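Thanks for coming. I have one structure to go through today, so let me put it on the screen.

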Amino acid sequence: MSHRSTAVALVCALAACSISPERAGTSSVSLIPTWLAVATGDSGALAAVAHQGDTIPARAVTWSSSDPGVATVDAAGLVHGRARGFARITVTYQGKRDSSEVAVAPPVLVGAGDIADCLRTADSATAALLDTIPGIVFTAGDNAYPSGTLAEYTLCYDPTWGRHKNRTRPSPGNHEYNSLGLGYYAYFGHLAGDSGVGYYSYDFAGWHIISLNSNVSTSAGSPQEQWLRADLALHPARCTLAYWHHPRFSSGTTHGSSTSVRPLWQALFDAHADVVVSGHEHNYERFASQQPDGTADPTNGVREFVVGTGGASLYAFGAPIANSEVRNNTTNGVIKLALNPTRYAWEFISTTGAVTDSGSGTCH
């Protein structure tokens with residue numbers, strides 16, 4: 001028996017597969033990724049993993065969609081977004097099945113950090129904004145207070161932002177790690193990437209989007225920093241955005257700027273990324289494009305938004321630090337990022353519905 005045929009698993013882009021398995025059976029089949037975001041009118045690819053088998057011949061598999069009006073899938077595993085909504089794509093191979101969730105949405109990313117506290121009601125108001133804004137939802141950590149337990153997610157987060165769970169790609173905050181992240185991973189499951197790691201990436205609307213975990217090591221050479229550099233090398237997109245909890249730059253007086261996340265910023269800067277969104281400081285602040293050391297760089301720099309306004313009580317500002325352009329600590333709200341294959345536009349929308357900051361930028 002050949003070495004190929006004894007492999008435990010093989011990822012196969014089905015369009016390229018044409019060789020029949022050398023082994024008669026397979027123990028299971030899986031789809032990668034388990035969750036896919038597709039802009040309306042766009043498409044995205046799913047790949048199959050055959051365990052204890054060999055290559056998967058395209059003629060041997062069947063594909064189906066739970067809602068063809070929302071998303072269809074062709075014989076190569078290419079998913080086409082038809083209308084806003086959710087569908088489940090299923091692959092069947094040798095009697096084995098697996099499914100992936102597909103969210104079809106307009107090319108918008110919307111969210112905030114520092115969200116749900118059962119002692120407050122502002123998270124209900126920001127969740128009401130999400131009700132009116134289609135797109136993929138992100139969180140910038142501290143999603144459930146005070147310790148991110150599963151009970152707090154169930155009682156505080158789920159009734160508000162949780163109604164948008166199936167279109168949410170989260171990131172954790174330091175409050176989640178008061179309970180070692182157990183409630184966060186239990187609540188979000190595969191939506192939070194690999195359990196216990198807390199960093200992952202996905203593609204949407206022509207953008208490569210990365211959710212990072214600033215609660216574990218972010219130092220140069222750490223597993224997360226090495227993963228980030230490898231992920232950026234594998235996805236050389238024209239437009240790249242990352243989000244995590246602790247801001248590299250902040251004029252806030254409660255937490256302020258975080259030097260620990262500089263290696264993440266450096267990796268993103270080296271790869272010509274465009275936008276970073278963070279929370280932690282409970283206010284809204286927009287920065288001009290800058291380098292990891294805070295040097296203004298309108299040509300190659302990364303623009304940061306601090307959006308710790310999801311529902312928690314708001315924090316004060318000190319004197320504006322370098323490159324701070326806009327600050328707001330008088331209202332909770334969310335940031336709406338309209339994604340174009342070469343550009344982006346932003347709006348900070350307060351719980352009153354007012355847009356208090358807006359603008360646009362061009363990808364590197």
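Predicted model: local features only at pLDDT ≥ 70, side-chain atom pairs only at ≥ 80, totals over all residues.

Residues are numbered from 1 along each chain as its sequence is written, and side-chain values use heavy atoms, with hydrogens and water left out.

Salt bridges to begin. I call it a salt bridge when a side-chain nitrogen of Lys or Arg is within 4 Å of a carboxyl oxygen of Asp or Glu. The count comes to 7 salt bridges. One of them joins arginine 286 and aspartate 357, at 2.8 Å from N to O. Arginine 286 is in strand β18 (residues 284-287) and aspartate 357 in strand β23 (residues 355-362), so this pair ties together parts 71 residues apart in sequence. Salt bridges with shared partners join Arg286, Arg303, Glu325 and Asp357 into one network. Helices (H or I, at least four residues) and strands (E, at least two) are DSSP runs, numbered from the N terminus.

Are arginine 286 and aspartate 357 buried or exposed? Both are buried; buried means under 20% relative accessible area, exposed over 50%, and partly exposed in between, with a 1.4 Å probe and protein chains only.

Glutamate 101 and arginine 88 form another salt bridge, at 3.3 Å from N to O. Glutamate 101 is in strand β10 and arginine 88 in strand β9 (residues 85-93), 13 residues apart.

Strand β10 (residues 96-105) also holds serine 99. Serine 99 counts as partly exposed because its relative accessibility is 22%. Beyond neighbours within four places in sequence, serine 99 has contacts (heavy atoms within 4.5 Å) with Leu31, Arg88, Ile89 and Thr90. Leucine 31 is 68 residues from serine 99 in sequence, yet their C-alpha atoms are 6.4 Å apart.

Next, helix α5 (residues 262-270). Its buried residues include Trp265 and Phe269. The buried residues of α5 pack against β15 (207-211), α4 (223-234), β16 (239-243), β17 (275-278) and β19 (303-307). Just after α5, histidine 272 has a positive phi of about 65°.

Arginine 229 and glutamate 225 both lie in α4, 4 residues apart, about one turn of the helix, and their side chains meet at 2.7 Å, N to O.Last, the largest pocket: Ile32, Pro33, Thr34, Trp35 and Ser201 lie nearest its centre. On a 1 Å grid over the protein atoms alone, a pocket is an open set of points where a 1.4 Å probe fits, with protein on both sides within 12 Å along at least five of seven lines.

How values were computed:
1 Å grid on protein atoms, 1.4 Å probe; cavity = no way out; pocket = protein on both sides within 12 Å on 5 of 7 lines; lining within 4 Å.
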